[in-house]
Amino acid sequence: MQALLDILTNHREVAMSLAKIVAVLAVLLPMVAYSVLAERKLSALIQNRVGPNRVALPLIGGIPILGPFLTRLGFWQPLADGLKSFLKEDFTPAHVRKAYFWLAPALALVPAFMTMAVIPFGSFLGRERMVLADLNVGILYTFGIVSLGVYGIVLAGYAANSKYPFLGGIRSSAQLISYEIAMGMSVVPVFMLVGDLNLSKVIAYQSDGLTSWLVFKQPVAFVIFMVAAFAETNRLPFDLPESETELVGGYHTEYSSMKFALFFMGEYSNMIASSAMMVTLFLGGWTLPFFGLNATPNEDGAIWMGLAHIGIFLAKVMCLLVVFIWVRWMLPRFRYDQLMDLGWRRFIPLGLANIVVTAVILFLQAKQ
Amino acid sequence: MIIKRTELSWLERMYFPTLWSGLRVTARHFYDTLFRGGRVTMEYPEQRWTVPEGYRGAPYLVKDAEDRTKCVSCQLCEFVCPPKAIKITPPGPAVDPTTGNVEKRPREFEINMLRCIFCGFCQEVCPEEAIFLMKDYSLTGLSRKEMIYDKEKLLSLGGVHNDQIRKWKKKEAEAASQEAFKPE
Amino acid sequence: MSTATAANTETKPPAPAVETVRVKVDGRVVDVPRTLPDWQGKPQPTTMLQACAIAGAEVPHYCYHPKLPIAGNCRMCLVEFGTPMMGPDRKPVLSEDGSPKIARSVLPYEPGTPRGAIACATPISPGMEIYPSSPATKQMREAVLESLLINHPLDCPICDQAGECKLQEYSVEHGQAESRFAEVKVHKPKQVDLGPRIMLDDERCVLCTRCIRFSRDVAQDDALGIVNRGSHNSIAAFPGRQFDNNYTLNTVDICPVGALTSKDFRFRMRVWFLKETRSVCASCATGCNILISSREESVYRYEPRQNDAVNACWMCDSGRLNYKWIGREDRLLNVRSSRSGARAWAAVVAEIAETLRSAPQGSVAVIASARQSTEELYLLKKLAAHLGALTDSVERLGEGDGFLVNADRNPNTNGARMTGICFTEVGIQIPKIAQGIRSGRIHTLIVFGEDVTRHGIDSETLSKVSTLIVSDILPNETTRRAHFLLPGCAYAEKRGTFVNAKGRLQRFLKAVEPRGEARPEWEFLQELVHQVTGENLGPGFEALFNRMAKDVPALASAGVEWGKVGDLGAPLTL
C-alpha cells in the first residue's frame, strides 16, 4: 500500500494516467448502459410504442413531476437491466467447452475498452492532455486492437459447441476480416492529407473551421469507414453473426445472465469506440468551429474551455450513436452474399480508387 | 414459382433511395409517436381492453333464471375437450329428488384452466347451453391446484344465463297438464 | 360365422348339404339357405332380413332380435321387394332378354305406390328381389322413424343409452334433421321403478316389446306387458308384481333405446368413454362370455358377449353385478415376507424359492383355487410335482337354475381337474392335508386364492404350519397368518383361460391395470417354478400357455394354441 502511494506521489504521470482511466471508464460504462436505453426508447418511438417506462426508484420516484417524468423516460431502466443480469441464473450448458466458454465474453468486451486508450477526447484540462495514450501510431494501434474483437465472437461460437453459434462465429470472422480491409483502405487518404498517424494531429488538422473537417474533404472515405464500422460492430444491417431469424441468437445463443450481458456491453462499447473514432478522424474531434472553440488551448488554458471540449466530443459521439441506433430500426438485414459483395467488390475498389485519386491530387498540389 | 426480380436502376443499386425512404418512414413514425399521440401500446394493468363480442375467454358453468345448474352431466364436453381439461364426476345411481324432471346434475365438474386452450368446443357441443366461454382472459393462480376450477367456482363465475327456451320447465308444465296414465 | 361353426361342431352331427334359394339383394345375386335356425334353434324359413344380412346389406330394426321370437311391430325393417311375375299359365313372364319379369310390391288399390313388407318376418321365395336401399325403402324408413320420434322426449343428454342407442344411430342414418311435429308431446311416466335392478322411462320406449318377449320366453318369468291405449301405450310390470328375476338386466341390453336402464350403471359413466375388453364371467362354471367396460382403470359394468355355444346373448344378474370387489378399498396391495421383512417381489420370490428348495419331499401341500386361471393351476401343479406335494382345490356349490347359473360356482373346476390339482371330486384331499399338518408331516402350506380357515383347515391347524405361503386378492384369515404374502390379480387384471362346465376352454383378457404392487399370479409363479425346479416355462404368457397346451393331455389332444383359441373358446374332451 505504501509502495503504491509512493509511486503515485513520485510519478505524477502514472497517477494522472490512472485517474484518467478511471474517469474514462466512469463515463464509458454509463454511456453503454444508457445507449441501450436510448436504443429501446428510440425503437419504441419509431414503432409507435412506449418503451421502458416502469422502473421507479423509491425516493426519487416520489418527487412531483420529475420523479414520474424520469420513470416514464425509463431513466432507471439500465439499473434494473444490470441488476437482472446479475441475478439471472448463470447457466453453462453441459456440452460447451468450458474454458473458452468463460473466456469468450471477456475477449469480446476488452478490445472495445482498449480502443478508447488512443482517442483524444478533449484538449487540455489544466496541464493534462485529455488522451490516455498519445501514441504516434494511434491508428495502427486501433486497427490492431479492433481486429482482436473478432476472437471473442469466434471463440464464443466455437466454445458453445452447437451449430447455430458455430455458424454465427464463422460468419463473424469472415465479415470482420472483409470489412477491416475496407476500413483500413478508407483511412489511408486521411493520413495522407494529415501527414501523421497521431490522432491528436488529425484533430489539430481539422481545427481550421468547418471546411477543414475531413468528412468534407474525404466524404468517400467517411462513407466507407462508417459502413465498415457498422459491419465491425455487428450492427444492423450487418448483424449476420447473430441474425436471430436464422441463427436463433448467433454466437451468443448458449449464453445467459452476466456472460450474455458482457457480449451485450461489448457490442455497445464497440459502437461508442467506433463513434469516437469517426468523430476523431472525420468530424473534428473535440473542436467546434464556433465561439473560438476550435483553437487549441495552451497548457494554461481555462478549465471551462477544457470541459467544453470534452462536452463537444461527447455530444458528437452521442449524435453518431443515435445514427447507429436509427439505422438499425430503418434498414433490413443484408443477405450474406450481398454483404460480401458490398465489402469486397464495392468498398475495397472504391477505397483503393480513393487513395489513388487523393494521391494524384496531392501530387498535383505539391507540383504547383 | 420463380419470381422475376425487377431490374434495379443505377441509383437504386447505390441504396440511396432506399436509405431515404427508410429515413422518411422512421422519422414520420418517430414524430407521430412523440408529438401526435400515435402510440399503439396499451399499458396493460392500468388500461384494460374492451373484450369484443364473441370473444372466447375462460369457460364457466351457468345457472338458469331459477338458480338451477344447467349442466346435466352428459359429459359431451369432457369427451370433445381436445386437451382433456374437463373432468366430470357423474351423479351415480341414487335418485336425487331435488333435480326434478331433469334427473341428473354433475356431482363434481372440474376445468383445469392450465390445460384449457379456449377452443370453445365445450360450448359448441353442449346440448343444454350450460357452459359458455366468457370474457375472462387473465387467469392467474399461485398453485396448479388453484387453477383447477371446481363446480362451485365455475358456477359462481358463470352467473345466470337467461335462457328463453326453458326446455325442462316446459316439459314439466306439459306433463303436469296432461292426464298421466299410471300403470298401477 | 365362426359362431355357427363352433355350435355345430359341438352339438350337431355334420349338416347335410344346405338347400339354398337364389334371391337378389339390391341387384346382387345371393344364394341363401332355405331355412335358418330361429331363436330356439329350430329351422324356419329364411326371412328377407336374414337374406339381406347374408348379402351384406343392413336392414335397420328395433323389435327383431335373433334370439327372441319375431314380433314385427316396430315397422323399421320395412323394405320394398319384388317377386317374379306369373303369367296366366302359372309360368314366369320373361322379358325380352330372357330374364324373368319382376313385379314390384305395390298397394293393391293404388298400383303406383310401393308397398313395403317387414323384412324380419317375411320369408324369401325363389327369384325374389329385395331393395333395401331403394328410394321407396328409404322413404318408408324415414316415415317410420319420424313416427317413432313423435312422442320421444329427446332427452339424450340425461339418457344412459346415448352412444349405444339404436334410435340415435338410425336417426343419424335415416332420420330428418328437423321435427315437423308442432303439437304437444304425450308425456308418460318417467323414472318408473320396475324392479330392484331396473329403471323404466316410458317416454323413451318405442314399444318394440323385446323386454316382454325376453322375460316371457327366455327368462320364463312373465312379468311385463303393455298397458293403456293409443299413444298412451306403455310398458309396465303386471300389477302387484316386481320385475325381479335373475335375468332382468338382459332387458337393458336388448332395449334398443334408453327406456330400460340398469340401476347399477345408471348415471355412472357415459358409454362412449368405456373401453370394452373381451372376458369371461367367473361367477360360476358356465363361463358366460362377457365384455368388461372400464375407464381409467376402474370397471363400470359387465355385458354379455354373444357365444351361442355358451350363453347366447344373455347372462345372469348375479354374475353381471359381481365386479365391485375388483375396486374394493381393502385390496391386498403389498408383497411382504414376515420372515426377512423383505418388501420387494424379487427378494420375496427368491426367499420362497430358497425355502421350497430346502423343503423335504412330501412336506409341502398346495391348496389352489378353482377361481384361478388354468395357467396358474398348471404352474402350481408343476411346483407341487417337484416337491411331491399333496394338492387340492376347494369346492364351491350353489343352486343351479337350469339356464345359465351352474351349481358349481367355481369358474375353472375343470381346469383344476385337467391340470391335476384336484380329482373329479373336489376337496377330498383337504382332510388329508389337515391331518398331515396336525401330525407334523406337512410343515409348508401354499394357498392360492382361498381362505382355508373356512374350508377344512381351521386356524388352530393353520398355526402349526411353519411356512405359510399365501397369494390372494382380498384380505382374510389365511392372508393374515401368511408368512409370505403375494398380492394377486382379479381376472379382469390379467390374461388367462378358464375351462367351463362343458369343457370349453375360454380366454379372458386384461381390462384394467393391477392395483398397487399386485402382479398376475402366473407371472410370479413362473419365476418361482424357474427358481425351484430350474425349468423355464417362459418367456411371457403366450409361451407359457403354449407349453401348457403341450403338457396337459386334454389340451394336447385338442391341439389348442393361444392364438387359435379365439374369442369364443375351444371345446375340449375331458
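How many residues of chain C are in contact with chain B? I counted 29 in chain C against 27 in chain B, contact being heavy atoms within 4.5 Å.

Ground rules first. This is a predicted model, where local features need pLDDT of at least 70, side-chain atom pairs count only at pLDDT 80 or more, and totals for chains, interfaces and linings use all residues. Residues are numbered from 1 along each chain as its sequence is written, chains are lettered from A and ligands numbered from 1 in the order written, and side-chain values use heavy atoms, without hydrogens and water.

**Entry: C meets B.** I looked up the buried area (accessible area, 1.4 Å probe, lost on putting two parts together, summed over both). Chain C and chain B bury about 2,500 Å², 61% of it on carbon and sulfur atoms. I also found 2 salt bridges across this interface, meaning a Lys or Arg side-chain nitrogen within 4 Å of an Asp or Glu carboxyl oxygen. One that I noted is B:E103 with C:R266, closest N and O atoms 3.5 Å apart.

**Entry: holes.** Next I checked cavities (sets of points on a 1 Å grid over the protein atoms alone, where a 1.4 Å probe fits but cannot get out; lining residues have an atom within 4 Å of a point). There are 8 of 30 Å³ or more, volume being the space filled by probe spheres set on the points.

Note on methods: 1 Å grid on protein atoms, 1.4 Å probe; cavity = no way out; pocket = protein on both sides within 12 Å on 5 of 7 lines; lining within 4 Å.
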